[in-house]
Structures are given as C-alpha cells and as structure tokens.
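Dear colleague,

Please find the structure below, with the sequence beside it. A short account of the findings follows.

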Amino acid sequence: MPTTQENWNPGKAANRHPEATYEEKERLFLEVKNDVRYHDFLYGCYECGICVSACPSARFYDFSPRVIAQAMAREDVERIYDILTEDIWNCAQCFSCVRCPRQNNPGGLITILREVSLKNGLQESKDALQGYSRVIYKVMLKGNQVSPDMLQPDFFPDWGPWVQNFSQNMHVWRKAIPMDSIRGLTDVAWRVERKTLLELYTIWFESGNMDIIKELDESLYDLLVEVMQEELEDA
Amino acid sequence: MTTTVEQILERKSHPVVRDASAAPTDDMHECLLELEAKGEIVLQRIKGDYVEFPTKYGRKKKIPIEHTWHHKSCGHCGHIPGYASSILWLHRQFNLDYHDPTDQTSCTGWNYYASAASNAVGQAAVMSRNFAAAYETGYFPLIHCGTSFGHYKEIREQLVHHKELRDEVRRILDKMGKPLVIPEEIVHYSEWVYAMRERFKERQLVDMSMITATVHPACHYYKIVAEDAIYDPEIYGGQRTAVVTALLESLGINVADYSTWFDCCGFGFRHVLVQRDFTRSFAVLRKIETMKNEVNPDLTVTHDTGCVTTLDKSQFAAKAHDRKVGIPVLSDAQVAALAMGAHPFRVVQFHWHSTDWRPFLEKLGIDWQKYWDEFQGDLELIRSGQKSGITWEDADKPIQLTA
Ligand code: SF4
Ligand code: SF4
C-alpha cells in the first residue's frame, strides 16, 4: 500500500514495481476496464472516505477502498499495479463500502482486479490462495463449497476442542439430521444429482472458468479436467 | 433496550419518506417484464399465497408462503445443519408445501468472493441453471444463504443490463436444454420468516421474554443490491432492515442495540478458510466484545451462514487473550423453531455450535440435559445399526420444552 504522503500526492504514483513494464501494467488495467461490470462499479470518487469508515479490512490492514476507487478513477496505472500486487487479497468482500455516495462499488472493483490478477497468473495471487486449492476442487467437482469432513482439528485448531469432538462423532451426527438431502453425508453438504454435476462441469468448460484455474494451479487444473472429462464422456 | 423509532427519528434532521416513484434506482420488476415481453427470458411467477412488504425505497416485494424450492446453503448443510432443518421444520409445522431439491448446486459465490477463480459468465450460468431447475419443478426458489441471495441479485442486475452476458449464458444453457429463467423476486428465507412471524407467535410454546438478544444483520442480505431488502417503519424507524429484529420482537425477546451493528462479522470468505487471524480478531473485537460491553446479551441472532459460523467459532481462541466472549449464536429460524418447541438436538442441532449455549437454554427453563440424553439414545441406536438415522417422523412433533 502506498504511503499516506503518496496518497495525498495529486500526481500519478511512482513506479514501485520496475519488474513489470509500464505497457504490461497498462494492459492489465485495460483488462479490468474492459470488464462488462466496470462502469457499473465506478462513477468517480469524492475522496470522502465513507467507504473506508465502513471497511473491516481497513481496520486491520494497511488497506483502503478509497485509494482503490481513486486510482481507478484517475486511471493511475502504476498505483493500480501496486494495488493488484499488494492489496486486493486483504478485502473481505463484505460490500460495506457500497454506502458510497457516488454509487461506487469498491468491493466489486476488487473482484474484477482479483479475476484479472488470476487470469494473468500474478504470483502474488497464487501466494494468497495457497492452501485454498482443495476448496476450489471441492466446489467445482462436487457442487458444494464446504463439507463436514473439512472440519478437521489440524485445519481448525483455533476453533477449540469442539472440532475434535465433532470429528470423532461426525459420521453418527450426520445420520442424526432429519433432512433427507443431507442425512448421512460427510463429503458433501447435500446430495447433488449426477446429472446436475454434469451440467455444472459443462458450465466450467463453456464459461472459460477452466482457463482461470489453469493459470492459478496447473496440477489442480489437470486433476479437475481428468475427472470432469471422464464423467462427461461416460454420460 | 431497542432504540425506539422516536429516538432514531429525533436524530434525523428530515423525516424519512419512502416514495417508490422517487427511488434512485431502476425497478427491477419492470426491467424483467420488458425482457420477458421481448422473449429474452422466462419470468417465473409466484404461484399461490404471497405477502407484500416494502423494501428500502418503498417499492413492494412479494414473499411466497409455500410451494417453495429450497435453495440450500453449503455452509448450513455442511457445518450448521440445524439451521437448514429448522427452516424446513417451520414449514412442516404449518403443512406448507415445499421441495428440498437435489438438482441444486451451491451458488459457488463463497468461492468466487474468496478466490475470484471464476468469472461473470460462469457465475451467471450457475445461478441460471439452478433457477431453471427450480422452474422445471414448478416450485419457487427460496434462498437459504445470504451470500447466494446477494450474489444472485447482483447477477440478475448484470443480466438485465448486459445483453452480451445474457447471450453467453443462454448459449451455455442451450447445451443443457434449459431456458434462461429469472424468478420475479429473489427471496431470502429470512424474509419468509419475517412474513410468518405472527403465525410463529401464535404457536409459541417457550416464553422468551427474559432473553436479551443482539442482531447482526448480514452484509450480503442488505448491502448488496441494497434496495431489495425489507424495511419497516416500525423497526428502527425504517433505518435498518426489519428482518430478524421483527421476528425476535414478535417472540417477546428484548432486542438490544449496539454501536457496531453495521460492521461485518469478519468472515471474509478467503479469510475464514486460510487467514483466520483477521476473522477472529474482527469477530471478537468489533462484534462480540462490543455487544458484551454495551448490552451483555444472552444470545446474538443473525440470518446468514458465514455470520453464524464466524461469530460462533471465533470466540474460543479469544478466551486465551482474556477477551470478553461467551455469547451463543443462532439463526432467526433456529430461534423461531425453538420457540415453537423444536427438539434442541434433533431439529435445532445445538451440538454443532461451539460457544456454550447451555446457559441460554437454562435461562429459558429448558432442561437441555434431558433432551441431550434422549438424543444420545438416538445416536446409540444409530451406532448399533438399529436405526439408520433420525427422520422427520422423529423430529416433527413440537415438545413442551419448559415445565
Ligand atoms: S468489500 Fe472489501 S473494500 Fe469493501 S468494505 Fe468490504 S472489505 Fe472493505
Ligand atoms: S465512499 Fe465512494 S466517493 Fe467516497 S472515497 Fe469511497 S469510493 Fe470515493
């Protein structure tokens, strides 16, 4: 995040990332700007800071949705590259910032910035998503983001002895739920039909989603493609 | 302890006027009708009974009472199943027709907000596939998750405003033989709970008047496409969404206000899974501890998956730092079910919650140990193979939980 002094500097930001050329930074910015949602999310910025006052991440990190909206509104290519590589993963995506009196959606801008960062294989995004691949695997393949068997003591030690107790009783507790769509299942949240999953796989291939995964994590991509293609061919 | 309407209005220099004709945004209903007339979308209409309530700018929103297609939440079903079973249990108490589908995927919004490992077309196609699946059954979608609800409303806006997105989604749906369906309303289950609150009150078996509760309004319910959330002049002068608070007041609970009500819970989507230092700190310092210091509630109540999990599970580690924690967390549906005599473990499934809920049940006069022992008996039968699991037959009947 640029220093406070830089934030107040009315000129454009200095080049803090000489490892990338200006042309490359500009190309990334244009990719953000060309997203179909960009103009719905940014209408200019008063610098009022209302978004910052509502932002949880601004309380805990050196992070500001105002700086992001400002940089985008001024098309400050260098600053936008700083944001792409240093800030976007701090956002909690709560959308408290949509209180913006200018009707901006800084959280939405961050979503687009993240997408562009991933599509272009920026290392900072790969680092931020380390340890997250298993969740992507689960949601893309099973159609559920989370499942009971993810609640393991090594993964959630800070949740206390409840997790230990849960993982010891998981199988029987899961059978003791009255809903037919859930009862007994531990590797998915609810039962998703095979036909439904095949339709979901079609969406991932047809929407260009798989290209994003390929940039993010090649081995995850190979794994997903192998399983999904086999299932689609068998259908 | 609730801030009264008068107190809030006194703080305002101008009276609050809700005039739908002066709303600053397009009316989504009109946009959808136009697209339907052009043959671009299939508009699914509510069949049967519905109730209308005002939304933020004074427009009306229809809430269906039955024939609903329960768009489940992965966080509920995976980690807090008593949340989902309480919603269905409430439907069953009134013999309301519903469908619990298996032709449904997660909205995948949690993943998208966590990792951005998808795109606008992919997300819109996932939503539209689910909506087409609901349409095929004739049931109307009722969305359990706050994030799915907010995400779908935002996608609906994108589909309405961008023809290229509609064309691309239609191309993908064509491959599955499905039309592009958009329901006439996107409805969150807590709006249904709000609509049903007086009927719940009529069947209330547990007196809750000794309980003080705080409310955490879920960000993705009322901040994303803010205009579509329900507001009621009787609740906080129409300055905050009415859902949850109105239910608790109907059940006789004393709703206490606290200064950080607008703050998020700290879930963070990515943070709760791989960077929980942020999640824990925010949940405890900005929410739980503030509630404790300001009003010391018996309970905090919310209406979304991530909020229940974050506010509940984050409290354990904070004890090591001598923070003021120890507020049990429930959803509005769980509170309503408990009030109507749902079994605390077979239906409400308290054992999936980690912050100690026993003092809350004791304050209500519920002998939780008795019901826990009964539930342990169920588990023994399941373990020994004499019973395959708990069914609605075991869970449907309301119990006189208090002496
Ligand atoms: S969406 Fe991101 S930028 Fe906006 S308030 Fe939430 S954390 Fe801050
Ligand atoms: S609230 Fe809006 S106008 Fe104000 S600083 Fe933030 S983005 Fe800019």
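Is Glu233(A) buried or exposed? Glu233(A) is exposed, with a relative accessible area of 65%. Here buried means under 20% relative accessible area, exposed means over 50%, and partly exposed lies in between, with a 1.4 Å probe and protein chains only.

Please note that this is a predicted model, in which local features need pLDDT of at least 70 and side-chain atom pairs count only at pLDDT 80 or more, while totals for chains, interfaces and linings use all residues. Residues are numbered from 1 along each chain as its sequence is written, chains are lettered from A and ligands numbered from 1 in the order in which they are written, and side-chain values use heavy atoms, with hydrogens and water left out.

Chain A

Chain A holds 14 helices and zero strands; helices (H or I, at least four residues) and strands (E, at least two) are DSSP runs, numbered from the N terminus. Its C-alpha atoms fill a box of roughly 60 × 45 × 30 Å along the principal axes. Of its 235 residues, 58% count as buried.

Glu233(A) lies in helix H14 of chain A and belongs to a negative surface patch, together with Asp211(A), Glu215(A), Glu218(A), Asp222(A), Glu226(A), Glu230(A) and Asp234(A). The elements that give two or more residues to this patch are helix H13 (209-216) and helix H14 (218-234) of chain A. H14(A) gives the most, with six residues. A patch consists of residues with over 30% relative accessible area and no salt bridge, like charges being joined within 9 Å and nonpolar side chains (Val, Leu, Ile, Met, Phe, Trp, Tyr) within 5 Å. A salt bridge is a side-chain nitrogen of Lys or Arg within 4 Å of a carboxyl oxygen of Asp or Glu.

Chain B

In chain B, an open sheet of three strands has the order S5-S4-S6, with parallel pairing; two strands pair if DSSP finds at least two bridges between them. Strand S5 (98-99) and S6 of chain B stand at the edges with a single partner strand each, so one side of each has no neighbour in the sheet.

Two bridges join S4(B) to S5(B), and Thr68(B) stands opposite Tyr98(B) in S5(B). Strand S4 (residues 68-71) of chain B pairs with S6(B) over four bridges, in the parallel sense. There, Pro141(B) in S6(B) is the bridge partner of Trp69(B).

In a regular strand the side chains alternate between the two faces of the sheet. Both faces of strand S6 (residues 140-143) of chain B are covered: Phe140(B) and Leu142(B) are buried on one side, and Pro141(B) and Ile143(B) are buried on the other.

Yours sincerely

How values were computed: Areas by Shrake-Rupley, 256 points an atom, 1.4 Å probe, with all protein chains shown as cover. Lys, Arg positive; Asp, Glu negative; His and termini not counted. Charge placed at Lys NZ, Arg CZ, Asp CG, Glu CD.
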